[in-house]
Amino acid sequence: MDMLPFYREEDLFPREFTSVTERPWGFLYRNADNPDSYDSNHALIFRDRVAELSAILAEIADFYLTRGQRPIIYQSILDDGWFGEIAPALSAAGYRSWQEAQRWMVLMEDSRIRNPADVRRVTAWSEDLAVHLYQAAGEPWEIAVAKRQLTNPNTLYFAAYVADKPVGAIYGHVNGEGICRIDYLLVANAHRGRGLGRALTHAFVTHCRTHGIPCALWPDGDTPRRIYEEAGFRDVCTKQAGRAVWAGK
């Protein structure tokens, strides 16, 4: 499978829920209503568009600091391992940097999950989601992201219900190239360990398989990875993603 469309979407997916300012070297993502979300507030830089790195790093710092936000930088996923090479320059400019191994998985087989649960497609925001899911899971910063995504017609959002209250959700989006990126999977703390994450994933991938939508993701941890394997995803490659956060000078 050609992974390039998925890598492009990994760079561009924040446009689904935040504002975008384009620069010759990349993008500045910002959502003043959701300042705690890294994905909503970071600069994205492309190695092949960089002419003078130190000037770009200073420009990014100025953009966010003058707006009362901490500068955060993501490297394009296409520039596998680049932040490891420029770590000294990032440090000299006032950033703490690191790399994260992203093990990419693609939906290739039918789901083997058979967990019964009340899972429903959601197309509009409800405050029940804020109270019984995001706040109950200790992740209130995701409320603004989910609200924004549910205003987009290309969003796929499924919620798991217990006693008619939404206590888990999985959501992603289908881009203009017709591919799907799974953006988030979350279950309220009191309902974890009951198979709801598996049931949600099964509903999502069944929808994608039924409608012929190619789907990819990178799991954040071993437990989600096991769930995605059971749902029909298979490993295809590993990329080194670069991150940098302002530490001051």
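Helix 5 and helix 6 are oblique to each other, because angles under 35 degrees count as roughly parallel, over 145 as roughly antiparallel, 65 to 115 as roughly perpendicular and the rest as oblique. The model is predicted, with local features requiring pLDDT of at least 70 and side-chain atom pairs counted only at pLDDT 80 or more, while totals for chains, interfaces and linings use all residues. Residue numbers start from 1 along each chain as its sequence is written, and side-chain values rest on heavy atoms, without hydrogens and water.

Helix 5 (residues 127-135) packs on helix 6 (residues 142-149) at an angle of about 140°, and their axes lie 10 Å apart. Axes are lines fitted to C-alpha atoms, for helices over the stretch in contact, and angles run from 0 to 180 degrees between N-to-C directions. Helices (H or I, at least four residues) and strands (E, at least two) are DSSP runs numbered from the N terminus. In the contact (heavy atoms within 4.5 Å), E127, A130, Y134 and Q135 of helix 5 meet E142, I143, A146 and K147 of helix 6. These residues comprise four nonpolar, one polar and three charged; Ala, Val, Leu, Ile, Met, Phe, Trp, Tyr, Cys and Pro count as nonpolar, Asp, Glu, Lys and Arg as charged, and the others, Gly among them, as polar.

G197, R198 and T201 of helix 7 make the contact with I227, Y228 and E230 of helix 8. Two nonpolar, two polar and two charged residues take part in this contact.

The largest pocket holds about 1200 Å³ of space. Its lining consists of 42 residues, with E139, D183, Y184, L185 and D220 nearest the centre. Two or more lining residues come from each of strand 5 (95-107), helix 6, strand 9 (180-187), helix 7 (196-210), strand 10 (215-217) and helix 8 (222-230). Strand 9 contributes the most, with seven residues. By class, the pocket lining has 22 nonpolar, seven polar and 13 charged residues. On a 1 Å grid over the protein atoms alone, a pocket is an open set of points with protein on both sides within 12 Å along at least five of seven lines, a cavity is a set where a 1.4 Å probe fits but cannot get out, and lining residues have an atom within 4 Å of a point. Grid points are joined across faces, edges and corners, and a volume is the space filled by probe spheres set on the points.

One cavity of 30 Å³ or more is present. The largest cavity contains about 80 Å³ of space, and its lining includes E10, H42, Y74 and R243.
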